[in-house]
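Dear colleague,

Please find below the structure that I am handing over to you. My notes on what was found in it follow directly after.

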Amino acid sequence: MLPLTTRQSLHHHLPSSLPRVLFPIIAPKRRLLSYTAKKTSFLSLTTPPITTRKPLLSPSPSPSSSLSLPPNFNNLQKRSLHLAPPFLLDDYTPRYLQLSEVDAAKKRSQAYAHLAKCNLCPRKCGVNRFEKTGWCLIGEKAKVNVIAPHFGEEPCIQGHHGSGSVFFSMCNLRCVFCQNHDISHQRNGIDLTPEELGDWYMKLQEVGNVHNINLITPEHVVPQVALSILHARSQGLRIPIIYNTSSYDSLESLALLDGLVDIYLPDFKVWEPFTSKRLLKADDYAATARESIKAMHAQVGDLCFTGDGIAKSGVLVRHLVMPGLEEEGAKIMKWLAEEVSRDVFVNIMEQYRPSAHVGKVQTRRKTHGGEEEETEGDNKEERRYAEINRAVKGEEVESVRKAAERAGLWRFCDPPRHDGFNI
């Protein structure tokens, strides 16, 4: 009797004279998998009944073509598929393509209203951005630094063709460790109208053949983004939209994006108000991030993929592990599991490096009398933000990962153990 431990082992032992009609029974095609919109239960693959194939078999096979099948061979006729259909899509249509013309017109009207009295982030400057700039230093037009296919994202985001990334200049935070400080802290780039921005989306789709449009640091230009998506929709855009954010968003801006964004990529940085005030220059960051991520998840749910391993909709939360702040990371993981979803997809990142203002030598400062004096650290070349002026340790990253697992999280962006995508 042949051992039947895997599907491959049975193929290996099949004699060459066995009719090929049995092959669909032994190795059913995955195209039989169907997906339910409610995404509530696992599905089964059902193979054609073996009785329909018996007439095609020789009634008296020769000794050289005889095959002894195991007693449990009939169990292959129906078996469970060991994937998670709640996160597996047969096909996907971007949300902005499902908007009615009436809803699209309402979005346009709301976008212009936001620009006239800006309340896009918790700073709520309230300025008329048609006339002047607020805290972010960006007015009516979005300032864009880089537009290109990007291969530095998660495998399920970048795929083989890259993610169509649009890096916006400036930001509504001032992270002292910002890895993209030359973009987010400086007004470098070109000014684009929403229509010009939407035309660039089309170039990324048609020329770059990218998997998605990835809007990076867009919190301060949400009205322009909304208008650009609606314009690109009328031009034939058909790939998902990714909102790649620091999570320092207002509920008003997220409401405007509802129906336009397919994937939210929030970065939950730190937990404690003291830490966010010192390192991000926003003491209400954590409270805002919690509120924002819950609103994002309410819109699009957990991260889902098509069969090619490319993410199409849902939330993917990033957390950059920082030196000495692993306890805050553990609190973030616990909150995600308890307050958002244990099925939320998480990327625990370890690529922190001292950047921007971290590690710079303390400089002279002026006293209240207007005279310059040296700080105590000048003589010793004391470095700014010395507590994070080093690379993150492996045990710090592992600590956050273990905390996430203890909390019940299980969907992580780990390196794939095969040549395909990690879904």
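With a relative accessibility of 17%, His297 counts as buried, because the cut-off for a buried residue is under 20%. Please bear in mind that this is a predicted model. His297 is found in helix α10. Apart from neighbours within four places in sequence, His297 is in contact with Asp302, Val315, Val340 and Ser341.

**Helix α11**

Val340, one of those contacts of His297, is also among the buried residues of helix α11. Helix α11 itself covers residues 326-340, which is 15 residues. From its first C-alpha to its last it reaches 20 Å, close to the 21 Å expected at 1.5 Å a residue.

**Helix α3**

A similar check was made on helix α3, residues 101-116. At 1.5 Å a residue, its 16 residues should span 22 Å, and the end C-alpha atoms are 23 Å apart, which agrees. In α3 the buried residues are Ala104, Lys107, Ala111, His114 and Leu115. Viewed down the axis of α3, these buried residues fall within an arc of 95°, so they line one face of the helix. They pack against α7 (222-235) and α8 (251-257).

**The largest pocket**

The largest pocket holds about 1000 Å³ of space. It is lined by 41 residues, and those closest to its centre are Asp267, Arg318, Leu320, Met349 and Gln351. Which elements give two or more residues to this lining? They are β8 (241-245), β11 (311-320), β12 (345-349) and α12 (394-407). The largest share, 5 residues, comes from α12. By type, the lining of the largest pocket divides into 16 nonpolar, 13 polar and 12 charged residues.

**The chain as a whole**

The protein chain has 423 residues, of which 48% are buried. Its secondary structure comes to 12 helices and 15 strands. Of the contacts between residues at least 6 apart in sequence, 73% join residues at least 24 apart.

With kind regards

Methods:
Residues numbered from 1 in each chain as written. Predicted model: local features only at pLDDT ≥ 70, side-chain atom pairs only at ≥ 80, totals over all residues. Heavy atoms only, no water. Helix = DSSP H or I, 4+ residues; strand = E, 2+ residues; numbered from the N terminus. Expected span 1.5 Å × (residues − 1). Buried < 20%, exposed > 50% of the residue type's maximum accessible area, 1.4 Å probe, protein only. Arc of directions from axis to C-beta. Contact = heavy atoms within 4.5 Å. 1 Å grid on protein atoms, 1.4 Å probe; cavity = no way out; pocket = protein on both sides within 12 Å on 5 of 7 lines; lining within 4 Å. Points joined across faces, edges and corners; volume = space filled by probe spheres on them. Nonpolar A, V, L, I, M, F, W, Y, C, P; charged D, E, K, R; others polar.
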